[in-house]
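Please open the structure in the viewer and keep the selection tool at hand.

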Amino acid sequence: MKPALSLVAFTVASGAGLGLAAWVLAWQLADRIDGSAWPFWAAVALAAALLTIGLLSSTRHLANPRNAWRSFTRFRTSWLSREAVLVMAFYPLAAVHLVFSVGGDPRARTTALLALVLALSVVVCTAMIYACLRTVPRWRTWHTVAGFVAYALASGGLLWAAILASDGRAPPPAALLLAPVVAAALVKLAWDAKFSARVHATLNEALAVPETAPKGVVQGRVRLLDAGHVNPTFVTNEFGFRLARERASTLRLAMFALTLGVPVAVAVLAPGAAGRWVAAVALLAGVAVERWLFFARAEHVVRLYDGQARV
């Protein structure tokens, strides 16, 4: 499918912001940081900026941004609506939590736990917007949700470590920080292994015509005789995007180098504040590449009606 840069920016920025918020809240619940510390407020400001920038960039994908309010009206049936409602609920809950944190109110632990659950729930809802689509086999898999959550925690964790190191505080243990980094890489490798054969939907399946039939009945594979158009259309432009194999391989290597190689190398060779910022920025760049590939390598079943044999 044709990658939309607005959606790439949205998923990367909002995921990092929510992941950073989750780390800060978890650190607060573990009594490792309090509301009076400079790193706490720096992380809060950065998380709020990333989340807000991501949400604003998502409106660029709307044909008419003035209709964005409609995304709140289908909570029972739409993952997009659930994401919109939950992320809007996160802002006031976070504000109440900050008030409790500054005042040393014991209820801050309750609001911290609720905000932590809500932040991760928003990431899951964002992933499910794509994972629920039966028309895109490469998205309708557990890898989508696992990858979104892992990359959110990985980017948020490295940002949190960089902020703590900048204040001279001990960052989270390397094993804890690298766990979501490695998990995200393993999810992508598992996804590549699952879809390497490119055999997950055919025209027979799209038309609900079985390729095998009872004995004595003539049956075979459905093939397209005419696509019905000779010039490119909106459907072919949006859903017929084709990524060259060489380009995909290069971007995939860059993604693993930025999201796995650089963070691991920094953890071993340059664990200082500067190195941690380099690792965080590199991982965010790598996640942007991963998200671009996420859209570019997806294949909508509508391609079957334009001559592609399988998706």
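A cavity is a set of grid points where a 1.4 Å probe fits but cannot get out, whereas a pocket is an open set. The model is predicted, and a search of the whole structure finds four cavities of 30 Å³ or more.

**First stop: the largest cavity**

Next, colour α1, α4, α5 (142–166) and α10 (273–296), each of which supplies at least two lining residues. Which element provides the largest share of this lining? It is α1, with six residues. By class, the lining of the largest cavity comprises nine nonpolar residues, five polar and one charged.

**Second stop: the largest pocket**

Now move to the largest pocket, whose volume is about 1,000 Å³. Select L7, S58, H61, L62 and L80, which lie closest to the centre of this pocket among its 38 lining residues. Then display α1 (5–29), α2 (38–58), α3 (79–103), α4 (108–131) and α8 (234–239), the elements that give two or more residues to the pocket lining. Keep α3 highlighted: its seven residues form the largest share of that lining. Finally, colour the lining of the largest pocket by residue class; 24 residues are nonpolar, nine are polar and five are charged.

Note on methods
Residues are numbered from 1 along each chain as its sequence is written. This is a predicted model: local features need pLDDT of at least 70, side-chain atom pairs count only at pLDDT 80 or more; totals for chains, interfaces and linings use all residues. Side-chain values use heavy atoms; hydrogens and water are left out. On a 1 Å grid over the protein atoms alone, a cavity is a set of points where a 1.4 Å probe fits but cannot get out, and a pocket is an open set with protein on both sides within 12 Å along at least five of seven lines; lining residues have an atom within 4 Å of a point. Grid points are joined across faces, edges and corners, and a volume is the space filled by probe spheres set on the points. Helices (H or I, at least four residues) and strands (E, at least two) are DSSP runs, numbered from the N terminus. Ala, Val, Leu, Ile, Met, Phe, Trp, Tyr, Cys and Pro count as nonpolar, Asp, Glu, Lys and Arg as charged, and the others, Gly among them, as polar.
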